[in-house]
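Subject: Structure handover, pocket and salt bridges

Hello,

Please find the structure below, with the sequence. My notes come after it.

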Amino acid sequence: MRVLITGATTWHDDQAIRRELSALGRVGTVITGDTPGIDAVAISVARELGFEVVPMKKNRADYKAFPGEGWKGLNVRMLEMGVDLVLAFHADFDTPGCARGTRHAVELAQQSGIAVRVCRA
């Protein structure tokens with residue numbers, strides 16, 4: 001199983017990530033991005049739990065495809081890694097104007113038929 005972890009750059013609740021990953025049993029690979037907050041915490045927790053981790057960074061092609069919003073390109077590339085589940089961590093996921101990157105990843109996943117779980121706390 002390949003799991004994409006995405007969410008708020010201000011997310012620091014390692015227990016929520018630990019809870020969600022532990023509930024999945026033995027995940028093969030955790031894929032995440034390059035931001036502080038959720039990505040940094042997800043990398044740490046996933047490695048602690050013994051999962052393979054694939055951290056991905058935004059690149060020039062991401063910014064070329066989405067000028068000023070390279071994170072959209074990164075979301076597309078992460079989902080193209082053969083993701084089976086998206087775990088999205090964002091306390092303000094339902095707040096208008098917030099969680100743009102997280103919502104983008106969730107919407108792309110849903111459009112592709114990938115299972116999604118949103119964690120607000």
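This is a predicted model: local features need pLDDT of at least 70, side-chain atom pairs count only at pLDDT 80 or more; totals for chains, interfaces and linings use all residues.

The largest pocket has a volume of about 290 Å³. Its lining comprises 21 residues, and those nearest the centre are Gly-7, Thr-9, Thr-35, Gly-101 and Thr-102. Two or more lining residues come from each of strand S1 (2–7), helix H2 (38–48), helix H4 (70–79) and helix H5 (100–111). Helix H4 contributes the most, with four residues. Sorted by class, the lining of this pocket holds 10 polar, seven nonpolar and four charged residues.

Salt bridges

Side chains of opposite charge can pair when their charged atoms come close. Over the whole structure, the search finds nine salt bridges. Three of them are described here, among them the pair Arg-18 and Glu-48.

1. Arg-18 and Glu-48 meet through their side chains, with an N to O distance of 2.9 Å. Arg-18 is in helix H1 (residues 14–23) and Glu-48 is in helix H2, so this pair ties together parts that are 30 residues apart in sequence.

2. Lys-58 forms a salt bridge with Asp-34, and the closest N and O atoms are 2.8 Å apart. Lys-58 sits in the loop between strand S3 (52–55) and helix H3 (60–65), while Asp-34 sits in the loop between strand S2 (29–32) and H2, so the pair ties together parts that are 24 residues apart in sequence. Lys-58 counts as partly exposed at 26% relative accessibility, and Asp-34 counts as partly exposed at 29%.

3. Glu-69 and Lys-72 form a salt bridge between their side chains at 3.1 Å, N to O. Glu-69 is partly exposed, with a relative accessible area of 22%, and Lys-72 counts as partly exposed at 21% relative accessibility.

Regards

Methods. Residues are numbered from 1 along each chain as its sequence is written. Side-chain values use heavy atoms; hydrogens and water are left out. On a 1 Å grid over the protein atoms alone, a cavity is a set of points where a 1.4 Å probe fits but cannot get out, and a pocket is an open set with protein on both sides within 12 Å along at least five of seven lines; lining residues have an atom within 4 Å of a point. Grid points are joined across faces, edges and corners, and a volume is the space filled by probe spheres set on the points. Ala, Val, Leu, Ile, Met, Phe, Trp, Tyr, Cys and Pro count as nonpolar, Asp, Glu, Lys and Arg as charged, and the others, Gly among them, as polar. A salt bridge is a side-chain nitrogen of Lys or Arg within 4 Å of a carboxyl oxygen of Asp or Glu. Buried means under 20% relative accessible area, exposed over 50%, partly exposed in between (1.4 Å probe, protein chains only).
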